[in-house]
Amino acid sequence: MWSSASSHTRLVGRERELTAVRRLLRKHRLVTLAGPGGAGKTRLAKELCPSEPGAAVVELESVRRPDLLWHVVAFSLNVWEEPGTPLRGTVAAALAEHRFLVLDNCEHLIREASELVAALLADCPRLRVLVTSREPLDLAGEMCVDIGPLSPADARQLFVECAGSPELAASVCAQLDHLPLAIELAAARPDVPERHRTLGAVIRWSYDLLGPAEQLALRRLSVLVGDFDLDLASAVCGSDMVQLMASLRAKSLVVRVQSSLSARFRLLESIRLFGLARLEEHGESEATFDRLTTVLTRTVRMVAAAPTISGEANTWLTGHDHQLLHAIGRLPRTDPRYTWLVAAVVHVRYRRGCYVEAMRLAAETLAFGSLLDHSEMLLFRAAWLAGLTGDGQESLRLAEALVEHPAVRDQGHWEARAWNTLGYARNITDDLVGSRIANERSVAVARVLGNEPLLMSFLNNHAWLLMRLGDLDGATAVVEESLSFEGSDDYRVMAFRHTAGVIALARNELDLAEQHFLVALRDGAPSSVSLAGVLEGLAVVAARRHQVERTVVLMAAAAATRLSRGAHQEPPWDRMVADACGFAESSAGTRLASRARRLGERLNHAGLLEYVNSGERLDEPLTVRQQQIADLVVEGLTNPEIAVRLGISTGTVRSHVTQMLTRLGLTSRTQLAARTARVR
């Protein structure tokens, strides 16, 4: 009945697929098991047969002549062509005794197999057909079940059951894409079919069935590691890939990847390596890799040339991080594209909070050649990373090079970024006068450009400097302007709210400071550089309220965050934090401190939100004075006009407006006016 599907090992890890196929066969007459070579489609079909009385099996693996397909089916049913009777009728009559037919390995006869199955289903009303193939038959009423790799746990179990070493199971199975056949081969099973004796033979079988355009596309796609989108696939292959990708996916050579982004695909690693070997054979490797590198570099340069790095651009960079790293590994450092690709990877690492790793990669790249030979994007990110990881002098060196970079003279937004970066570097190296000059120049350029995202960030940085200079009123006014803009992303929200909270602490306005920190934690990006500072801010508030345990918990959480990212504190924040830590250490007993520290170290972001919100007071009603001010905001009055109307100072009005915005989780006067009008 079966000649090619040995089953000396039990079926491992296919319970879900077995259940799905049995359910479908109860309701549908045609079910196809589709998947890549070596996934175990034949083995699964064999497992299903004992539960199907009178099952007939037709193995098509060795059939090379499509015109003999009906004869092969007849032979498998042990019937012969009768003179004067069409073979189709003879086969249909023989199948009257069978309710279940298995057609195994149809991919190389897909059109003829489709015609045969359509005819049999029409001639035999009670017949059900199970097909195994690397692509569906594409018939009406066909139900397909994808048979992919095993789960990692099931793959490891199969490897061990096939006499493989348990110590090697995880690494070997991962390298083999968790494909059952490859695992059995690696564990030295001798009883596999001839066409499955090597994994290369399995893939070659599928490859040889492709048309020339499909073979070319598969070879070129092999330069892409991990997942990729259609745009990148089309660029690398040099043609529109919509139809080709659909065809390769139907033949189980490309798999669809679950993603919240656009449609994404990947090649199983075994298929990718096969494709790379064929690419080399055809002499296409260098040209294809060059095409990939050029496409990636062009996109990164477009991102850098834009006035701001948008959320869409950040999503693209993050989604192509692995392709960027792969391309870097193939390029010599002397290639001018190298610095751009490294800049993109460093940018992604920076946004993930991996500061030490990002700075290491940036420093290794910048060590070759003149700083001005490198991309402005790499200098920019490296200057900030050097400061964040505690090397102020290196930050200053890189920032000064950025100001001198040719791109700064040609692009206004890079001029603004360069001066803002220099202001930051001078700040952390205690050149406060020089920092103020650079900051003010960056703010002025951003205002001329009308670039609100840059202006928001620069104002935030300048507010921090003014606080260091002791100008708390100036710092408050500047940070309030940065908070007044609409459309801040979650990274800016956390940074701006942190700065506003620190300034409020410097003014000893604990409630206002706490509200800023709470909004930052709730609405900001968890991977932001400011997260540790936000947690420290909440701890400082707790310390000043003499809440010992809360102080220790939050300080421990902040310390764990800083340690994981390698981020350093800036003055005067380091002194505020040190004072709070001193209070906690002197007030907490050994047992309390140990328990609270353990709690803080293990809290994830969701846990931190739950912990700090246990004392949050965002839902308290507005005070009488705040409600009066909110009503006048609805009427469109400015802060000075409200001050005159109520007989209070403009500073008091400004403070109340800021407190209301943070308490209500709002970001602008417009939102405050809308909310007030709605609840009147």
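Is Tyr 350 buried or exposed? Tyr 350 is buried, with a relative accessible area of 16%. By buried I mean under 20% relative accessible area, by exposed over 50%, and by partly exposed anything in between, using a 1.4 Å probe and protein chains only.

Before I go on, a word on what we're looking at. This is a predicted model, so local features need pLDDT of at least 70 and side-chain atom pairs count only at pLDDT 80 or more, while totals for chains, interfaces and linings use all residues. Residues are numbered from 1 along each chain as its sequence is written, and side-chain values use heavy atoms, with hydrogens and water left out.

Okay, back to the tyrosine. Its partner is Tyr 355: the two ring centres are 6.0 Å apart and the planes sit at 55°, so we call the pair tilted. Tyr 355 is buried too, at 1% relative accessibility. The rule is that rings of Phe, Tyr and Trp (for Trp, the six-membered ring) pair if their centres lie within 6.5 Å; planes under 30 degrees apart are stacked, over 60 edge-to-face, and the rest tilted. The structure holds five aromatic pairs by that rule.

Another one of them is Phe 380 with Trp 414, where the centres are 5.5 Å apart and the planes are at 85°, so that pair is edge-to-face. Phe 380 belongs to helix H19 (residues 376-388) and Trp 414 to helix H22 (residues 412-428), so the pair ties together parts that are 34 residues apart in sequence. Both Phe 380 and Trp 414 are buried. When I say helix or strand, I mean DSSP runs numbered from the N terminus: H or I with at least four residues for helices, E with at least two for strands.

Five of the five residues of E1 (residues 30-34) are buried, so the strand is largely enclosed by the rest of the structure. In a regular strand, side chains alternate between the two faces of the sheet. Here both faces are covered, with Leu 30, Thr 32 and Ala 34 buried on one side and Val 31 and Leu 33 on the other.

Who does E1 pair with? Strand E4 (residues 128-133) runs parallel to E1 over five bridges, and Leu 33 has Thr 132 as its bridge partner there. Strand E5 (residues 143-146) is also parallel to E1, joined by four bridges, with Ala 34 opposite Asp 146. For two strands to count as paired, DSSP has to find at least two bridges between them.

Helix H2 (residues 41-48) has six of its eight residues buried, so H2 is largely enclosed as well. Those are Lys 41, Thr 42, Arg 43, Leu 44, Ala 45 and Leu 48. They pack against H1, E1, strand E3 (100-104) and E4.

There's an arginine here I'd like you to look at. Arg 14 is in the segment before helix H1 (15-27), and at 3% relative accessibility Arg 14 counts as buried. Its side chain makes a polar contact with the side chain of Glu 17, at 3.1 Å. A polar contact is a pair of N or O atoms within 3.5 Å; within protein, one must be able to donate a hydrogen and the other to accept it, and residues adjacent in sequence count only if both atoms are side-chain atoms. Leaving aside neighbours within four places in sequence, Arg 14 is in contact (heavy atoms within 4.5 Å) with residues including Leu 44, Ile 147 and Pro 180.

Next, a sheet elsewhere. Three strands form an open sheet in the order E6-E8-E7, with antiparallel pairing. Strands E6 (228-229) and E7 (255-257) are the edges, each pairing on one side only. E7 is joined to strand E8 (residues 264-266) by three bridges, and Val 257 stands opposite Arg 264.

Down at helix H32 (residues 605-613), Gly 607, Leu 608 and Val 612 are buried. They span an arc of only 120° around the axis, going by the directions from the helix axis to the C-beta atoms, which puts them on the same side of H32. On the other side, Ala 606 and Glu 610 are exposed. Covering the buried residues are, among others, helices H27 (510-523), H28 (531-544) and H29 (548-565).
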